[in-house]
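I opened this entry to keep a record of what I looked up in the model. The notes follow the order in which I went through it.

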Amino acid sequence: MTNTLHYGDCLDVLRDMEDASVDLIYLDPPFNSNRDYNAFFTSPKGGESHAQITAFEDTWHWGSQAETEYADLLKNPDAGQLGETLMPALRSFLGENDMMAYLTMMASRLVEMHRVLKDTGSLYLHCDPTASHYLKIVLDGAFGPTSFKNEIVWKRTSSHSDSINKFSRIHDVIFFYSKSNKPIWNKIFIDYDDEYKKRFKYKDDKGYFTDGDLSAKGLSGGGYEYEYKGISGYWRCPVETMERLDKENRLYYTKNNGIRIKRYLEELPGVLCGDVWTDIFPINSQSQERLGYPTQKPAALLERIIRASSNPGDVVLDPFCGCGTAVHAAQKLGRKWIGIDITHLAIALISKRLRDAFPDIDFKVEGTPQDVEAARYLAEHNGLEGRYQFQYWAVSLVGGIPANDKKKGADSGSDGFIWAYDSPYAKKPYKINISVKSGKIPANHIRELGGMLGKNGVEICLLLTLEKPSRTMLKDALSYGYYEYPDGVRKFPRVQILTIQDLFDGKKPQYLDLSPDGPSTLKSAKKEVKKQKQGSLL
Ligand SMILES: C[S@@+](CC[C@H](N)C(=O)[O-])C[C@H]1O[C@@H](n2cnc3c(N)ncnc32)[C@H](O)[C@@H]1O
């Protein structure tokens with residue numbers, strides 16, 4: 001199951017996973033923040049304003065789903081004390097409210113995560129103070145209180161001006177638990193702070209250094225008494241070592257006739273990383289890494305966690321993977337990985353992110369439809385949510401940006417679009433409007449699409465449909481003629497229809513993007529360049 005992206009609820013995917021099959025889990029679930037998170041899609045140069053769409057909602061209510069998950073949890077033998085005493089105690093304290101619904105969702109998934117972890121495995125749960133106090137109790141229940149390792153405080157922003165009558169909340173909390181008392185652990189060193197670096201005030205051709213004592217005076221172990229280059233003393237090392245250090249240009253002769261050893265900043269490992277992290281900056285609107293997905297975490301944060309609690313070749317799992325920061329970092333650091341997300345927006349974004357960053361990468365995507373029947377299932381089950389997920393999936397198949405926000409409702413015939421340039425010299429891109437239909441196509445739909453042509457930059461309309469179009473529809477589509485490129489050679493049908501089966505058969509929309517920079521529907525991740533090991537110079 002490794003190097004796989006799964007579309008779906010992580011509870012279902014986790015339940016299908018084998019016991020003790022994962023080395024490290026990082027999860028950054030919704031935090032119960034009671035708000036929606038929008039994904040931003042940048043438009044290419046000259047295009048209209050950026051598009052945004054609700055990526056996921058973070059609002060929880062006690063209802064039938066929470067009740068069912070709660071009942072299942074209490075019956076689950078893997079839940080142990082968490083199901084038997086802890087969750088009932090929380091329920092009696094909190095009542096059947098939003099927090100209890102959120103904690104039930106988290107508890108059922110954490111029990112599965114504990115099961116799939118190997119004995120040497122660890123889990124990092126990223127959250128914030130909205131629910132961290134309860135989540136720690138739930139984690140104690142799922143893992144056992146003695147499995148708690150750290151509460152990491154990550155300073156994620158500087159200051160908020162909107163805090164009334166309280167201090168600004170500027171940190172996230174990351175709980176670190178291990179399954180046994182022998183987890184995989186690699187020490188992490190971080191850079192010295194500027195104040196400490198000031199001590200390295202001398203410089204030679206090897207870099208900045210500070211001087212360390214070579215005198216053995218006052219040391220309990222004793223030393224060596226001899227004269228070196230006319231300076232007599234009681235030294236920490238024998239004369240042979242002194243000579244070697246001298247040859248290596250590691251001795252520092254002080255003005256008052258002393259000898260000290262040079263300690264180079266470059267050669268020191270750094271300070272051991274503690275549990276308060278202030279040296280990793282959040283993704284902001286100017287960040288190079290920013291892909292436009294809400295709550296995207298910085299790669300450096302995930303790289304630190306992965307380096308500390310896994311080794312190359314180990315399996316890293318992110319069950320709420322968003323735009324795939326953990327997956328990206330795992331791939332970069334030579335770990336195997338599994339990513340799960342419940343929205344097609346995320347799965348499409350991660351697939352593109354991985355291909356941009358690692359052009360030769362090989363991975364599987366599971367849970368997305370592989371045939372027309374599965375596509376129909378996606379569209380027809382799970383009500384409105386299913387229909388939107390079907391739209392996002394269909395739009396991603398042709399590399400489009402989704403445009404129909406499920407929170408705004410109303411299907412306007414515009415479910416997504418693609419930007420394309422009709423010439424390398426064009427100042428502005430034109431738009432290919434995408435309409436997605438999972439049911440019967442309304443008789444006037446082709447005319448509706450035709451009516452969009454020539455307005456708001458739309459030059460081509462593309463209909464993606466599960467059902468086959470009628471002959472009349474095909475004829476109607478043809479009647480809108482061709483969009484002709486300024487070179488006088490290229491021309492493409494102005495109204496195009498592709499069935500989902502066509503897409504499975506490898507058919508593609510007809511257009512050519514002549515942008516000098518290549519197509520730019522979603523922001524691209526920077527290509528990761530493998531660092532070559534420095535060979536021996538001699
Ligand atoms: C806070 S975001 C994760 C961001 C991620 N760490 C990153 O750097 O991009 C949470 C993600 O969890 C997903 N999600 C919410 N409920 C889920 C569930 N039950 N199963 C899987 N994914 C879920 C949401 O779609 C969203 O993408």
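I began with a pair of residues: Leu5 stands opposite Val365 in S19. The model is a predicted one, in which local features need pLDDT of at least 70 and side-chain atom pairs count only at pLDDT 80 or more, while totals for chains, interfaces and linings use all residues. Residues are numbered from 1 along each chain as its sequence is written.

I then checked how strand S1 (residues 4–7) is joined to S19, and found 3 bridges, with the two running parallel. Two strands are taken to pair if DSSP finds at least two bridges between them. Both belong to an open sheet of 9 strands with mixed pairing, in the order S16-S6-S7-S5-S2-S17-S18-S1-S19. Strand S16 (276–277) and strand S19 (364–366) are its edge strands, each pairing on one side only.

Next I looked at strand S5 (residues 117–127), where 8 of the 11 residues are buried. Buried means 20 or more other C-beta atoms within 10 Å of the residue's own, exposed means 12 or fewer, and partly exposed is in between, with C-beta atoms placed from the backbone. S5 runs parallel to strand S2 (residues 22–27), and 5 bridges join the two. Tyr26 has Tyr124 in S5 as its bridge partner. With strand S7 (residues 171–178), S5 pairs in the antiparallel sense over 6 bridges. There I found Leu123 opposite Tyr177 in S7.

**The five-strand sheet**

I listed a further open sheet, of 5 strands with mixed pairing, in the order S20-S21-S22-S23-S26. Strand S20 (401–402) and strand S26 (495–499) each have a single partner strand, so one side of each is left without a neighbour in the sheet. S20 pairs with strand S21 (residues 416–420) over 2 bridges in the antiparallel sense. Pro402 has Gly416 in S21 as its bridge partner.

**Helix H11**

Which residues of helix H11 (residues 372–380) are buried? I noted Ala375, Leu378 and Ala379. They line one face of the helix, because the buried residues fall within an arc of 95° seen down the axis of H11; the arc is that of the directions from the helix axis to the C-beta atoms. Their cover includes helix H12 (383–397) and helix H15 (500–504). After H11 comes Asn382, with a positive phi near 70°.

Val372 is also in helix H11. I put it down as partly exposed because it has 15 other C-beta atoms within 10 Å. Leaving aside neighbours within four places in sequence, Val372 is in contact (C-beta atoms, placed from the backbone, within 7 Å) with Leu466, Ile500, Gln501 and Phe504. From Val372 to Ile401 I read 29 residues in sequence and 22 Å in space, C-alpha to C-alpha.

**Domains and ligand**

The chain is divided into domain 1 (4–58 + 116–186 + 274–366), domain 2 (192–267) and domain 3 (372–504), with bounds from an automatic or database domain assignment. Over C-alpha atoms, the centres of domain 1 and domain 2 are 46 Å apart.

Last, I looked at the 20 residues around the ligand, of which Asp28, Phe56, Phe320, Gly322 and Thr325 come nearest. A residue is near a molecule if its C-beta atom, placed from the backbone, lies within 6 Å of it. I recorded the shell as 11 nonpolar, 5 polar and 4 charged residues. Ala, Val, Leu, Ile, Met, Phe, Trp, Tyr, Cys and Pro count as nonpolar, Asp, Glu, Lys and Arg as charged, and the others, Gly among them, as polar.

Notes:
Helices (H or I, at least four residues) and strands (E, at least two) are DSSP runs, numbered from the N terminus. Two residues are in contact if their C-beta atoms, placed from the backbone, lie within 7 Å.
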